[in-house]
Amino acid sequence: MTLSEEQVSLLKNNLITWMQERLQAIGAKNAVVGISGGKDSATVAALAVAAYGHEHVIGVLMPDGAQSDIAYAEDLCDALGIQHEIINISPMTSAFKSALGNSALIKDGISRQTQLNMPPRVRMTLLYAVAQSLDAVVINTSNLSEDWVGYATMYGDTAGAFSPLAMLTTDEVIQLGRALGLEERFVTKPPSDGLTGKTDEDVLGFTYDDLNAYIRTGEVSEDLRAQIDALHKKSRFKFLGIEMFNPNYPIVAEDIAHIYQS
C-alpha cells in the first residue's frame with residue numbers, strides 16, 4: 001500500500017510517541033535492537049534513535065559464523081551513531097549442535113528445521129542477556145507481511161518487549177524507513193534470513209508485493225490466496241500466548257477414561 005507523505009509523517013510521529021510511552025511504562029532507559037542489515041532492523045533502530053536519542057540505543061550484530069552482508073549492519077549503526085558490537089553466535093549454536101549430536105534421543109541427527117530455528121532463538125537469548133545487563137529492553141523487529149504467513153521463529157524473532165512494525169507490511173516499512181532519513185540501500189536490500197542462502201521470497205515461493213496486496217486489498221489469484229491462507233492458519237499459534245488449563249473446565253470422567261482405553 002502506497003501511503004501519502006502526510007500519512008507516512010503521521011505514522012512516524014505516532015510511532016515515536018508510542019515507543020516513548022512503551023519504554024516509560026516499562027521503566028527502562030535504553031533499547032536493544034538486533035541489527036541484521038535489513039530494512040526492518042534498520043527502521044526500528046532509526047525509530048529508536050528518534051524516540052530515545054542515539055545514546056540510548058544499542059545495536060547487537062549476531063552473525064552465525066561468516067555473514068556476507070555484515071557490512072550493511074555496521075554501516076547502519078555508524079550512520080545512526082549508535083553504540084554497537086558484533087557478537088558471533090557460532091560458538092553457541094555449535095555447542096547446541098554438539099550436545100544434540102551426542103543425544104541418545106535424536107539418533108538420526110537434528111532436523112533441517114531445527115538448524116534453521118536455532119540461530120534466531122540463540123540470538124534472542126543473547127539480546128535479552130545484553131538488555132538485562134544494561135537497563136534496557138529488546139525491541140522486536142518483525143513486520144506484518146512475515147508474521148502473516150508465519151515466516152518467523154517462535155521464541156526467536158517473534159519475541160521482544162514491543163513490536164513497532166507488527167502492523168506494517170514490508171512496503172510500508174520501506175516508506176517509513178525513507179521518512180526517517182535512512183539511506184536507500186538500507187531499505188531496499190533484498191530481505192533474506194542469512195541462514196538458507198536464499199531471499200525471503202525464494203523461501204516463501206511468492207513475492208512480498210503479492211503478499212502485501214493480499215493483506216491490504218485481497219486482490220490476488222485464487223491459487224495464491226489458498227497458499228497464503230494455509231500458511232496463515234497453520235502459523236497462528238506462534239503469535240498467541242501460551243494456553244493455560246482452566247480448573248473449571250468441564251471434564252466428564254467417562255470420556256477421559258474412554259480416551260485412554262482406546
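User: How many bridges join strand E1 to strand E2, and which way do the two run?

Analyst: Two strands count as paired if DSSP finds at least two bridges between them. Strands (E, at least two residues) and helices (H or I, at least four) are DSSP runs, numbered from the N terminus. In this predicted model, E1 (residues 30–34) and E2 (residues 57–61) run parallel and are joined by four bridges. Val 32 stands opposite Ile 58 in E2. Residues are numbered from 1 along each chain as its sequence is written, and side-chain values use heavy atoms, with hydrogens and water left out. As the model is predicted, local features need pLDDT of at least 70 and side-chain atom pairs count only at pLDDT 80 or more, while totals for chains, interfaces and linings use all residues.

User: What is the strand order of the sheet, and which strands stand at the edges?

Analyst: The sheet is open, with four strands in the order E3-E2-E1-E4 and parallel pairing. Strand E3 (83–86) and strand E4 (136–138) are at the edges; each has a single partner strand, so one side of each is left without a neighbour in the sheet. On average, neighbouring strands of this sheet are turned by 25° against each other, direction ignored.

User: Which strands does helix H2 lie across, and at what angle does H2 run to E1?

Analyst: Axes are lines fitted to C-alpha atoms, for helices over the stretch in contact, and angles run from 0 to 180 degrees between N-to-C directions. Contact means heavy atoms within 4.5 Å. Helix H2 (residues 39–52) lies across E1 and E2 and runs at about 170° to E1. Helix H3 (residues 70–80) also packs on the sheet, where H3 touches E2 and E3 and makes about 160° with the direction of E3.

User: Is Ser 9 buried, exposed or partly exposed, and which helix holds Ser 9?

Analyst: Buried means under 20% relative accessible area, exposed over 50%, and partly exposed in between (1.4 Å probe, protein chains only). Ser 9 lies in helix H1 (residues 5–26). With a relative accessible area of 34%, Ser 9 is partly exposed. The C-alpha atoms of Ser 9 and Leu 180 are separated by 9.1 Å, although the two are 171 residues apart along the chain.

User: What share of the chain is buried, and how many helices and strands are there?

Analyst: Of the 262 residues in the chain, 41% are buried. The chain has twelve helices and four strands. Among contacts with a separation of 6 or more, 75% come from residues 24 or more positions apart. The C-alpha atoms fill a box of roughly 65 × 45 × 40 Å along the principal axes.
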